[in-house]
Amino acid sequence: MKLPQGKIKVVSLFLFLILAVNFMAAQELRQHVDNPGQTADTAPTGHVPGVPPATIEPAKPGPIGETVVTGNGINYHNGPVMRGNPVNAYIVWYGNWSSTGSNTAATKSLIEHFLGTIGGSNIEKVNTTYGDTIGNVSGNVRFGGSTINTSTANLSDSGVQSVVANALNAGALPRDSNGVYFVLTSSGVSETSGFCTQYCGWHTHATLGGVDIKYSFVGNPDRCPSGCEIQTTGPNSPATGIGGADGMANVMSHELEEAISDPDLNAWFDSSGQENADKCNFNFGATSTCTSTSICSAAGKAAAAKFNQTFGNNDWMLQQNWRNSGGGACAQHL
Ligand SMILES: [Zn+2]
């Protein structure tokens, strides 16, 4: 399916076959999602409108040292990466985040803390294996600020862009080419192009006010836990079955890594059109279990929730990212 406007439809919601083989119960749960793309995370379209991706892309030599390396299962297409040290991450909280469940101030605080501490973490350092002809991704990220939009109207793809544009035009957030802007919707809001049925989040870019703005949609996955959460009670859950914040953190890490390594959709993706995090979609690698001595919340401990990263004095359950070195692999750390 051709996707509009060069957007990458980030199909973050579907377990890979390998997970399905290993966790049949989880796969069965996810089959309840009416999801035409369930077996595929292979949408190669959207990177360059009208130009089909090459089926075989010849290896390119790295022009400067190992800034642009090849031979690791993902290919460079000459576009820039975000080399900011740090990259700034911004949030528009859209919908009703003063409600119940995971639509709360506690989620907002946790997610802002997440963006404020993921820089330099094990998972973010995996992204430093990507670069362009000028330099590499730093692996550092800074939380640059947030604003709120209390509309609860459903959003289209263009509506998400308008939410970002409105925040910039109002001066609520700086207009920053070194920024990634997340539009995070509360669970009552639908993104009508396919949140919960086609994807859990996506990222793209647009020229807004003369500046190349990178932005991402991530919905609260408590709208569809069976499709967009690996577990319904996570390491930071405030109560049993309230996994939205942990689920969002996972999808946000996916989108953040892709937005930084492929900000204009013309840098790093493989011959199937998969960007780095797509290649490890919902692949978590080795995990630990929340126990009485873990940082995890009380609910996370009670549910024996799984986690695989620890930073910012929190445990997190974040999918792996594709490591562009050593032949390439899904990795939790370098
Ligand atoms: Zn993706």
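**Before you start**

Because the model is predicted, local features need pLDDT of at least 70 and side-chain atom pairs count only at pLDDT 80 or more, while totals for chains, interfaces and linings use all residues. Residues are numbered from 1 along each chain as its sequence is written, and side-chain values use heavy atoms, with hydrogens and water left out.

**Stop 1: the whole chain**

Show the protein chain as a cartoon and you can look for eight helices and 13 strands. Helices (H or I, at least four residues) and strands (E, at least two) are DSSP runs, numbered from the N terminus. Of the 334 residues, 56% count as buried; buried means under 20% relative accessible area, exposed over 50%, and partly exposed in between (1.4 Å probe, protein chains only). Among contacts (heavy atoms within 4.5 Å) between residues at least 6 apart in sequence, 75% join residues at least 24 apart.

**Stop 2: helix α5**

Select residues 157-169, which make up helix α5. Its 13 residues reach 19 Å from first C-alpha to last, close to the 18 Å expected at 1.5 Å a residue; the expected span is 1.5 Å times one less than the number of residues. Now colour the buried residues of α5, among them Val160, Val163, Val164 and Leu168. The buried residues of this helix pack against β2, β3 (141-149), β4, β5 and β6. Step just past the helix to glycine 171, which takes a positive phi of about 75°.

**Stop 3: aromatic rings**

Show the side chains of Phe, Tyr and Trp next; the structure holds twelve aromatic pairs. Tyrosine 90 and tyrosine 181 have ring centres 4.7 Å apart and planes at 20°, so this pair is stacked. Rings (for Trp, the six-membered one) pair if their centres lie within 6.5 Å, with planes under 30 degrees apart counted as stacked, over 60 as edge-to-face and the rest as tilted. Tyrosine 90 belongs to strand β2 (residues 87-94) and tyrosine 181 to strand β4 (residues 179-185), so the pair links distant parts of the chain, 91 residues apart. Both tyrosines are buried.

Move on to tryptophan 202 and tyrosine 215, whose ring centres are 5.9 Å apart with planes at 70°, so the pair is edge-to-face. Tryptophan 202 sits in strand β5 (residues 201-208) and tyrosine 215 in strand β6 (residues 211-219). Tryptophan 202 is buried at a relative accessible area of 0%, and tyrosine 215 is buried at 4%.

One more ring to centre on is tryptophan 322: lysine 279 lies over its face, at 4.4 Å from the ring centre. A charge sits over a ring if NZ of Lys or CZ of Arg is within 6 Å of the ring centre and within 35 degrees of the ring normal.

**Stop 4: disulfides**

Taking a disulfide as a pair of cysteine sulfur atoms within 2.5 Å, the count comes to four. Select cysteine 196 and cysteine 224, with sulfur atoms 2.0 Å apart. The torsion about their S-S bond is about -75°, so this disulfide is left-handed. Cysteine 196 lies in the loop between β4 and β5, and cysteine 224 in the loop between β6 and α6 (225-228).

Then pick cysteine 280 and cysteine 330, joined at an S to S distance of 2.2 Å. With a torsion of about -100°, this disulfide is left-handed. Cysteine 280 is buried at 0%, whereas cysteine 330 counts as partly exposed at 22%.

Cysteine 290 and cysteine 296 form another disulfide, their sulfur atoms 2.1 Å apart, and both are buried.

**Stop 5: backbone details**

Most residues other than glycine have a negative phi, and most peptide bonds are trans. Zoom in on the peptide bond from asparagine 85 to proline 86: this one is cis, with omega near 10°. Finish with leucine 265, whose phi is positive at about 65°, and phenylalanine 282, with a positive phi of about 55°. Leucine 265 is buried at 2% relative accessibility, and phenylalanine 282 is buried at 1%.
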